[in-house]
Amino acid sequence: MRKFLVVLDDSRECLNAMRFAALRAAHTGGGVQILSIIPPEEFQHWMGVADLMRAEARERIEAHFEVFAKWMRDKQGVNPELIIREGDPVAEILAQVKDDSSVGVLVLGAGTEKSGPGPLVTQMTRNSGSLPIPITIVPGDMSKERLESIT
């Protein structure tokens with residue numbers, strides 16, 4: 001089964017990327033893999049504090065994931081998989097694509113700020129030539145109705 005890999009973060013555009021991935025998976029019989037990345041700079045403290053911060057970050061990610069997962073299961077019939085990695089976001093996305101051959105498409109949400117689509121989209125498009133899969137970039141301000149009509 002082909003999986004749509006989508007990145008879970010705190011950005012507004014993440015919502016449209018999640019919707020797109022779930023809708024495409026539902027329409028094509030695919031799956032959704034949700035990747036959340038904990039940046040390493042969050043753990044530059046003493047070991048005990050770092051472990052506590054890591055556990056809290058995982059709890060926040062799992063709670064955030066459950067909101068999307070419930071919608072995907074209830075509305076789209078898709079049961080997403082959560083992957084949590086620690087490190088540099090671009091390196092971890094590339095590693096996940098390399099580690100899981102069932103990932104067929106990377107789905108990213110583009111920001112709507114005047115400064116550009118966002119650092120992740122910018123960095124991943126620079127690496128797109130070496131990726132073994134296509135990238136789908138979903139505009140952050142695309143309406144829910146428009147997303148539904150194109151998927």
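Glu86 is partly exposed, with a relative accessible area of 30%; here buried means under 20% relative accessible area, exposed over 50%, and partly exposed in between (1.4 Å probe, protein chains only). The model is predicted, so local features need pLDDT of at least 70 and side-chain atom pairs count only at pLDDT 80 or more, while totals for chains, interfaces and linings use all residues. Residues are numbered from 1 along each chain as its sequence is written, and side-chain values use heavy atoms, with hydrogens and water left out.

Glu86 forms a salt bridge with Arg54, the closest N and O atoms being 2.9 Å apart; a salt bridge is a side-chain nitrogen of Lys or Arg within 4 Å of a carboxyl oxygen of Asp or Glu. This pair links distant parts of the chain, with Arg54 in helix H2 (residues 47-76) and Glu86 in strand E3, 32 residues apart. Helices (H or I, at least four residues) and strands (E, at least two) are DSSP runs, numbered from the N terminus. Arg54 is itself partly exposed, at 24%.

Glu86 also forms a salt bridge with Arg58, where the closest N and O atoms are 3.7 Å apart. Arg58, likewise in helix H2, is 28 residues from Glu86, and Arg58 is partly exposed at 29%.

By the stated rule, there are eight salt bridges. Among them is the pair Lys3 and Glu81, with closest N and O atoms 3.0 Å apart. Because Lys3 lies in strand E1 (residues 3-7) and Glu81 in strand E3 (residues 81-86), this pair ties together parts 78 residues apart in sequence. Lys3 is buried at 16%, whereas Glu81 is partly exposed at 30%. Lys3, Glu81 and Asp100 are linked in a network of salt bridges.
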